[in-house]
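Student: Hey, could you walk me through this model? I'd like to talk about the ligand and some helix packing.

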Amino acid sequence: MHLYDYSSTHNNNPLKNLTAVRNYRVYTEQHLEAIPQIARLSPAQRRAMQVVAKVLPFRVNQYVIDELIDWNNIPHDSIFQLTFPQQDMLAPEDFDRIASMLDAQADPASLQTAIKAIREQLNPHPAAQQSLNVPRLDGEHLDGMQHKYRETVLFFPSQGQTCHSYCTFCFRWAQFVGDKSLRIATSESTLLHRYLERHREVTDLLITGGDPMIMKTRHLTSYLEPLATPAFEHLQTIRIGTKALSYWPHRFVLDDDAHALLQLLEKLVQAGKHVSIMAHCNHWRELDTPIAREAIRKLRETGVVIRSQSPLVAHINDDAEIWARMWKDQVKQGIVPYYMFVERNTGAKRYFEVPLVKAWEIYRTAIQQVSGMGRTARGPSMSAGPGKVEIQGVADINGERVFVLRFIQGRNPDWVQRPFFARYDAQATWLDDLRPAFGEQKFFFEEEYAAMSRDEHGLLMN
Ligand code: SF4
């Protein structure tokens, strides 16, 4: 087996001067005022960001600030909205409460109590992540793993539970606020390997975070390299969820261990694994920089497939033109458009949510503009407790206006691809808002799902 030498860049390397922007500097809540461009905002806007950043996580790096945000268009710029806290992300009463405590220089313990109370109202673990999906091995809970669907295991390596920058809408926000009880992570690679060895039905492993690509290559190697051995032959696909192509593409090009990372990925591919980089990308601008283009090129050279997914989020990408251009650009760069998600029912949902009907209209308008190669994007899809539910459309059936829905993934595999119907509701933003159509009392899956939820471990009894 020959592993390519990834240390050299392309012959017509457009990146000769990019080492100049390799300087990795991160700003968090304490350093907001140190960002020079922030001076363009009014004192009231800066104050509002400070207040919100007390409750919800904030982290942005120099690359995002300098290369992705259009500072001539703040506060409306999509990437600014994607990374910087906004006042309306908190309910007015919560915002006022924290703001007045800060003004009064409240003691730190009272401030923390108030912050914690607000966080707890924000549904820190949507879709019962912490209770329903945690697998067991020899009777022990495997924290840091989820086994929600029969063939797929999610793994949260403890070194990968942060990101190069944080997205303001992130449904995993609870992992970043420093409350250990809200975190899902493990450093137990041995347990992961033992669980996978025993569960031959698992064909797909999703390494997720945070962003696993924040980890050093040596850590990724300890988790992933053993999977290339015959003991894991049943494991066909290794997916790595990451936003590094957007927030720090240098990870694949200029970082000290970028070369080793590419070699690791190639080794897995050579061992017969389908390695898929699940690139989280909200806006076409994220992949439109020279370094991002080079990172994509280098990744593809290893034989991995890059798929892109994103939620549809108000203030950031609730516009069909943004999606159409994003999907077209991605196809051009060899990326497979994969999912349009509905913003989840957690965190700052009040600011970012989009009515389901609008989400469907945006999807439809955007997908009509791309060729068949871009129509691989599914959605809009809700990652809800019972499974991934796609809004297929709005229809009038026997005089009743309905949403046509289907499970793309279901806690019970038999639910998948069964069309079902909900009463049309122009305001609905999530599955919980929907009611069955045609006078039915319950959706077809509800009783079974309730029974699964009563069993703390869902489908994972062994
Ligand atoms: S990169 Fe992913 S995990 Fe990290 S903040 Fe953004 S959405 Fe959340």
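Predicted model: local features only at pLDDT ≥ 70, side-chain atom pairs only at ≥ 80, totals over all residues.

Student: Great. Which residues surround the ligand?

Tutor: The ligand is surrounded by C163, Y166, C167, C170 and R172, together with G209, G210, D211, K243 and H280.

Student: And how does that shell divide into nonpolar, polar and charged?

Tutor: The shell around the ligand has four nonpolar residues, three polar ones and three charged ones.

Student: Okay, on to helices. At what angle do α4 and α5 pack?

Tutor: Helix α4 (residues 92–103) and helix α5 (residues 108–121) pack at about 170°, and their axes are 10 Å apart. Angles over 145 degrees count as roughly antiparallel, so that is how α4 and α5 run relative to each other.

Student: Is the crossing left-handed or right-handed?

Tutor: Left-handed, as α4 passes α5. On the α4 side, D94, R97, I98 and M101 make the contact, and α5 brings S110, L111, A114, I115 and I118.

Student: What classes are those residues?

Tutor: The contact of α4 with α5 has six nonpolar residues, one polar and two charged.

Student: What about α1 and α4, how do they cross?

Tutor: Helix α1 (residues 43–55) and α4 cross at roughly 105°, with axes that come within 10 Å. That angle makes α1 roughly perpendicular to α4.

Methods: Residues numbered from 1 in each chain as written. Near = placed C-beta within 6 Å. Nonpolar A, V, L, I, M, F, W, Y, C, P; charged D, E, K, R; others polar. Axes fitted to C-alpha atoms, helices over the stretch in contact; angles between N-to-C directions. Helix = DSSP H or I, 4+ residues; strand = E, 2+ residues; numbered from the N terminus. Parallel < 35°, antiparallel > 145°, perpendicular 65-115°, else oblique. Left-handed = near helix turned anticlockwise from the far one by under 90°. Contact = placed C-beta atoms within 7 Å.
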